[in-house]
Amino acid sequence: NNGSLYQMTYGKSFAGYKTRSIEVRFVDNKFFEMNVSFDYIDDNSISKKWYTIVSKMIDKYGNPNHIDLPKTVQSLQEVVDQKLFKDFSVFDMEIKENSWKPKAIWEYKNDVAIIISVKPTIDDWEILWRFYHKELHKQSQVKVASKPYDDF
């Protein structure tokens, strides 16, 4: 209510998938960012879960503006072709060896971006679905830099 930064954290599920956490952030009472960390334990494959979530986004919103593919995959069309993505252990190995950092980015004219990526954690890996408004995100960073003690 005072125009500062704040964050709310949720759990359970998002888009029909189990989550580790859901964080929603606001600056000056405006929604600017949502981070969803997905649980992949049921799939036993970090790359399979990333692929499943990216495929769902492609079905709903079309192809991403940018996608980082595994070394063995040449084009986005191959990602959509499920025949090539039968054995995910090869892709999991690329992630664990740090030779592939899965990321798909959808950018929109209204200054919004959605990014689905895989990030290392202390114990293993997480799939992160991030929605953010670029200008409001910058505004939040300025607010933290100008008053770091008041915002936390």
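1. A quick term before anything else: a residue is called buried when its relative accessible area is under 20%. By that cut-off, strand 7 is mostly covered, with seven of its nine residues buried. Keep in mind that this is a predicted model.

2. The hairpin of strand 6 and strand 7 has four residues between the strands, and Asp111 takes a positive phi near 75° in it.

3. The other pairing is with strand 8: nine bridges join strand 7 to strand 8, and the two run antiparallel. Here Ile116 stands opposite Trp129. Once again there is a hairpin, and four residues connect strand 7 to strand 8.

4. Now for the inside. The largest nonpolar core has 31 residues, and the ones that touch the most other members are Trp50, Val54, Trp106, Ile116, Ile127 and Trp129. At least two core residues come from each of strand 3, strand 4, helix 1, helix 3, strand 6, strand 7 and strand 8. Helix 1 gives the largest share, seven residues. As background, nonpolar side chains in soluble globular proteins tend to be buried together.

5. What does Ile116 contact, once its neighbours within four places in sequence are left aside? Its contacts include Trp50, Ile53, Val54 and Met57, along with Trp106, Ile127 and Trp129. Pro102, Lys103, Ala104 and Leu128 are also in contact with Ile116.

6. Strand 2, residues 13–14, pairs with strand 3 in the antiparallel sense over two bridges, and Ser13 has Lys18 as its bridge partner in strand 3. Two residues lie between these strands in their hairpin, where Ala15 takes a positive phi near 55°.

7. Strand 3 also runs antiparallel to strand 4, joined by eight bridges.

8. Last, have a look at the largest pocket, which holds about 210 Å³ of space. Which element supplies the largest share of its lining? That is helix 1 (residues 46–61), with five residues. The lining as a whole divides into nine nonpolar residues, no polar ones and two charged ones. Among the lining residues are Phe14, Ala15, Ile114 and Trp129, and Ala15 is the residue with a positive phi in the hairpin of strand 2 and strand 3.

Notes
Residues numbered from 1 in each chain as written. Predicted model: local features only at pLDDT ≥ 70, side-chain atom pairs only at ≥ 80, totals over all residues. Heavy atoms only, no water. 1 Å grid on protein atoms, 1.4 Å probe; cavity = no way out; pocket = protein on both sides within 12 Å on 5 of 7 lines; lining within 4 Å. Points joined across faces, edges and corners; volume = space filled by probe spheres on them. Nonpolar A, V, L, I, M, F, W, Y, C, P; charged D, E, K, R; others polar. Core = buried A, V, L, I, M, F, W, Y, C linked by side-chain atoms within 4.5 Å. Buried < 20%, exposed > 50% of the residue type's maximum accessible area, 1.4 Å probe, protein only. Contact = heavy atoms within 4.5 Å. Pairing = 2+ DSSP bridges.
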